[in-house]
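Please keep the sequence and the structure in view while reading.

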Amino acid sequence: QDELFGQLTHIKSKDPSKSYFMGSGVFAPTNDEIELYIFTDQNGPSQAEREFYKTVEKSFDSLITMMIHLVEIELKKHGEIHKVQNFRDEFKVRELTIPPMNKKPFHSEITFEVIPGDIDQMIMEFEDFRPVRVRVEE
């Protein structure tokens, strides 16, 4: 039981760098129920992982602002030609990956369910707290 993340399950891999903790909770900025994937050692999340999560929550609106251009480019590649009108209405947070805090730059992902259109979800990749790529899963 983690003080911030609650109940977590440790998913072990033969390669310790691929082991992680999985849990779920409510993402405060959107009130969406999300899955959490926390890549850390077998001792569980540290204060650094908790601080990373809190930073994502606090800076979520600015992250959205930085991603919209990349999202629209990716939507267009997949035949979804429209401008994002209201990101929070059109995209629902479903997953957050918290990277190992001992490797810099930090590489994390936020997965969104796409509400309109034929695309099921979009995965936004971040380096530190800058969006670097958007992937689509149909």
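## The nonpolar core

The largest nonpolar core has 33 residues, and M67, V71, F87, F91, F112, M122 and M124 are those that touch the most other members. A nonpolar core here is a set of buried Ala, Val, Leu, Ile, Met, Phe, Trp, Tyr and Cys residues joined through side-chain atoms within 4.5 Å, and buried means under 20% relative accessible area, exposed over 50%, and partly exposed in between (1.4 Å probe, protein chains only). Several elements supply at least two residues each, among them strand 2 (20–27), helix 1 (47–58), strand 4 (91–98) and strand 5 (107–114), while the largest share, six residues, comes from helix 2. Helices (H or I, at least four residues) and strands (E, at least two) are DSSP runs, numbered from the N terminus.

The model is predicted, and local features need pLDDT of at least 70, side-chain atom pairs count only at pLDDT 80 or more, and totals for chains, interfaces and linings use all residues. Residues are numbered from 1 along each chain as its sequence is written, and side-chain values use heavy atoms, with hydrogens and water left out.

## The sheet and its helices

Seven strands form an open sheet with mixed pairing, in the order 1-2-3-4-5-6-7; two strands pair if DSSP finds at least two bridges between them. Strand 1 (9–11) and strand 7 are at the edges, and each has a single partner strand, so one side of each is left without a neighbour in the sheet. On average, neighbouring strands are turned by 25 degrees against each other, direction ignored. Axes are lines fitted to C-alpha atoms, for helices over the stretch in contact, and angles run from 0 to 180 degrees between N-to-C directions.

Strand 3 and strand 4 run parallel and are joined by four bridges, and E35 has E95 in strand 4 as its bridge partner. Helix 1 packs on the sheet by touching strand 2, strand 3, strand 4 and strand 5, and its direction makes about 155 degrees with that of strand 4. Helix 2 also packs on the sheet, where it touches strand 2, strand 4, strand 5, strand 6 and strand 7, and its direction makes about 50 degrees with that of strand 7. Contact means heavy atoms within 4.5 Å.

Strand 6 and strand 7 pair in the antiparallel sense over seven bridges, and the bridge partner of F126 in strand 7 is P131. E125, which is found in strand 6 (residues 121–127), is buried, with a relative accessible area of 16%. Two residues lie between the strands of this hairpin, where D128 takes a positive phi near 55 degrees although D128 is not a glycine. D128 is partly exposed, with a relative accessible area of 25%.

## Aromatic pairs and a cis bond

A search of the whole structure finds eleven aromatic pairs; rings of Phe, Tyr and Trp (its six-membered ring) pair if their centres lie within 6.5 Å, and planes under 30 degrees apart count as stacked, over 60 as edge-to-face and the rest as tilted. F52 and F106 form an edge-to-face pair, 5.9 Å centre to centre, with 85 degrees between the planes. This pair links distant parts of the chain, 54 residues apart, with F52 in helix 1 and F106 in the loop between strand 4 and strand 5. F52 counts as buried at 4% relative accessibility, and F106 is buried as well, with a relative accessible area of 13%.

P105 has its place in the loop between strand 4 and strand 5, and the peptide bond from K104 to P105 is cis, with omega near 0 degrees.
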